[in-house]
Amino acid sequence: MLGLGSVHQNLLWILMDKKEKLKRDYGIEISIIAIADSSGIAVNQNGFDPRGVIALKTGEGHVREFSTFRGDDTAETIESLSLDLIFEATPVDIETGGIALEICRAALLRSVSVVLANKGPVVKEGNELRRLAEKNKCGFEYSATVCGGLPILNIGRRDMIAGEIKELTGVFNGTSNFVINAMKNGVNFDDAVKEAQMIGAAEADPSLDIGGWDTAFKLLIIANTMLGADLTLSDISVEGIDGVSADMILAEEKAGNTIKLIAAARDGKYTVKPTVVSKNSFLGSIEGWEMGVEIHSDIYGISYHKLFEKEPIPTAASMLRDAVNIFAGK
Ligand SMILES: NC(=O)c1ccc[n+]([C@@H]2O[C@H](COP(=O)([O-])OP(=O)(O)OC[C@H]3O[C@@H](n4cnc5c(N)ncnc54)[C@H](OP(=O)(O)O)[C@@H]3O)[C@@H](O)[C@H]2O)c1
């Protein structure tokens, strides 16, 4: 388990809570034999007690405090271990993919499956990593990277057999929702961003949210995973909400409309931009902690998918879902 922040602490809790159900319903037992945070990696072949790990991290401790600490060369230590799966939830590094990309590549090369919540490696080299996993007959799954618990990648890949997605639009970024809403209520842009940070909606560095990039990462993952594309970020036209003023929002309000940061894939074009939509439309109804996707297809009609996720429990559950999908029945 790489990274022990809020996502993986929730996953540890779910693994405890659902232990019996996983065994009974799917024949799966998960033993966490290695844990890593920014201090390095600890290894316990008998499996760590999730309670102890959660207690350490909620107390702001580090794995170097465990007697089973192996040092700070996490990638090398992982290479030396016999394991089936890596859960990856370290911070996003879009520039290089970071340690996550290095570890993913090395794991897939030796047929160790990987489940990620971290978008970095998927945005940087998702198609390549998927091919590597297929070649080496292991799993590479990342449904948590797009809209947390909303199984949108699974729907697109598994549930629309023989269908063609003609158009896909979505609202993927809670911070932008929050800021636009606060501005509507008279709060200025900078204060709205600060407020979003205070309530935990925005990242410590909110520029990725506000600038539209977080939304673009998710659109890229969707396009490359379920629309058969092979995009890089430069193929997406990205405009954030920095140019949206309170006057614009209020004028649209009066006309029964609202402004949302919308990702769209249509006619072979991929865009992220603030867009005016009717308040009564599906996309216009996505508020606050919600995220949603609207899909127009040739044989599956028009489908609408929406999730409310405040704490990352559904994101953590998605990682478990991916793991079970890889191993159940094997
Ligand atoms: N939170 C959500 O709702 C959500 C939803 C979907 C996707 N995600 C993605 O999931 C990932 C994790 O999110 P989070 O909210 O759990 O983040 P977080 O709370 O900031 O935790 C990040 C964890 O990664 C560890 N870490 C940092 N550098 C590392 C390294 N070089 N090697 C090993 N561990 C390292 C940190 O160590 P320390 O504990 O020592 O600082 C921390 O435990 C991110 O990529 C995020 O974008 C999050």
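Biologist: What percentage of the 330 residues in the protein is buried?

Modeller: Buried residues (20 or more other C-beta atoms within 10 Å of their own, with C-beta atoms placed from the backbone) make up 43% of the 330. Keep in mind that this is a predicted model: local features need pLDDT of at least 70 and side-chain atom pairs pLDDT 80 or more, while totals for chains, interfaces and linings use all residues. Residue numbers start from 1 along each chain as its sequence is written.

Biologist: Why does the radius of gyration agree with a compact globule?

Modeller: It's taken over C-alpha atoms, and the globule rule is 2.2 Å times the number of residues to the power 0.38. For 330 residues a compact globule would come out near 20 Å, and the protein has 20 Å, so the two agree. Its C-alpha atoms fill a box of roughly 65 × 45 × 35 Å along the principal axes.

Biologist: How many helices and strands are there?

Modeller: There are 13 helices and twelve strands, read as DSSP runs numbered from the N terminus (helices: H or I, at least four residues; strands: E, at least two).

Biologist: How do H8 and H9 pack?

Modeller: Two packed helices are described by the angle and the distance between their axes. Here H8 (residues 174–184) and H9 (residues 189–198) pack at about 135°, axes 9 Å apart. Axes are lines fitted to C-alpha atoms over the stretch in contact, with angles from 0 to 180 degrees between N-to-C directions.

Biologist: Which residues of H8 and H9 meet?

Modeller: Thr175, Phe178, Val179, Ala182 and Met183 in H8 meet Phe189, Ala192, Val193, Glu195 and Ala196 in H9 (contact means C-beta atoms, placed from the backbone, within 7 Å).

Key. Buried ≥ 20, exposed ≤ 12 C-beta atoms within 10 Å, placed from the backbone. Contact = placed C-beta atoms within 7 Å.
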